[in-house]
Amino acid sequence: MTSKEEKIAKAISEILVAIGEDPERTGLAETPKRVSKSLLELCSSTNREFKNYKVFKENVDNNLIMVGNIDFYSLCEHHMLPFFGKVYIAYIANDNNIIGLSKLPRLVDYVSHKLTIQERITREIIDELNKILKPQGVAVLVKARHMCMEMRGVRKGNSITQTVKYSGIFKENKELQQDFLDRVDNARL
């Protein structure tokens, strides 16, 4: 184990003791190591930059480019409980700069693999695409279920939280916004 893994495992053992468990019992003996590895994976984007992309030149004639139904999962920074759902991203290229389609799900993974909140995920997707592509505009919609609402507190199962953010020409153009939202509603294969 790395020193990070060891520190986390030790802390998890202490948490187990604090909640009245025995970290040495058969079912829990390996739990601190497992949780340590899991947390490092779930928070793998912490303090890192998004560099896993390539920009291409392609004559796209102001087309709306959209990728939807992108699965994501993250950990709420307030309770360290999971939240998960779908992301829909659209942009209109500028100077014919486009990003490889597979890089949009990687961007979603990048912004969600850390302690965060849904509103920040929505904003960071737009911020990163604006930085990388300098597009005419970006639209992002995130739909998620939050275990901090379903497992504790108000305990309202199957509640869906939606966040939407626009930049550039999407911000001003209500028809473009509606086109994006209609495409999200109709996103099926």
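**Figure 1. Aromatic pairs in the predicted model.** A search of the whole structure turns up six aromatic pairs, where rings of Phe, Tyr and Trp (its six-membered ring) pair if their centres lie within 6.5 Å, and planes under 30 degrees apart count as stacked, over 60 as edge-to-face and the rest as tilted. One of them joins Phe50 and Tyr53: the ring centres are 5.6 Å apart and the planes meet at 20 degrees, so this pair is stacked. Phe50 is buried, at a relative accessible area of 7%, whereas Tyr53 is partly exposed at 33%; here buried means under 20% relative accessible area, exposed over 50%, and partly exposed in between (1.4 Å probe, protein chains only). This is a predicted model, in which local features need pLDDT of at least 70 and side-chain atom pairs count only at pLDDT 80 or more, while totals for chains, interfaces and linings use all residues. Residues are numbered from 1 along each chain as its sequence is written, and side-chain values use heavy atoms, with hydrogens and water left out.

**Figure 2. A second stacked pair, Tyr166 with Phe170.** Take a look at these two rings: they are 6.4 Å apart centre to centre, with 15 degrees between their planes. Both Tyr166 and Phe170 are buried.

Figure 3. Over the ring of Tyr110 you will find the charged end of Lys114, 5.0 Å from the ring centre. A charge sits over a ring if NZ of Lys or CZ of Arg is within 6 Å of the ring centre and within 35 degrees of the ring normal.

**Figure 4. Cysteines without disulfides.** The search of the whole structure finds zero disulfides, a disulfide being a pair of cysteine sulfur atoms within 2.5 Å. For Cys43, the closest cysteine sulfur belongs to Cys76 and is 12 Å away, too far for a bond. Cys148 is in no disulfide either, and its nearest cysteine sulfur, that of Cys76, is 4.2 Å away. Cys43 is buried, with a relative accessible area of 18%, and Cys148 is buried too, at 13%.

**Figure 5. Glu175 on helix α7.** Our last stop is Glu175, which lies in helix α7, residues 174-185. Helices (H or I, at least four residues) and strands (E, at least two) are DSSP runs, numbered from the N terminus. Glu175 is exposed, with a relative accessible area of 67%. From Phe83, Glu175 is 92 residues away in sequence and 31 Å away in space, C-alpha to C-alpha.
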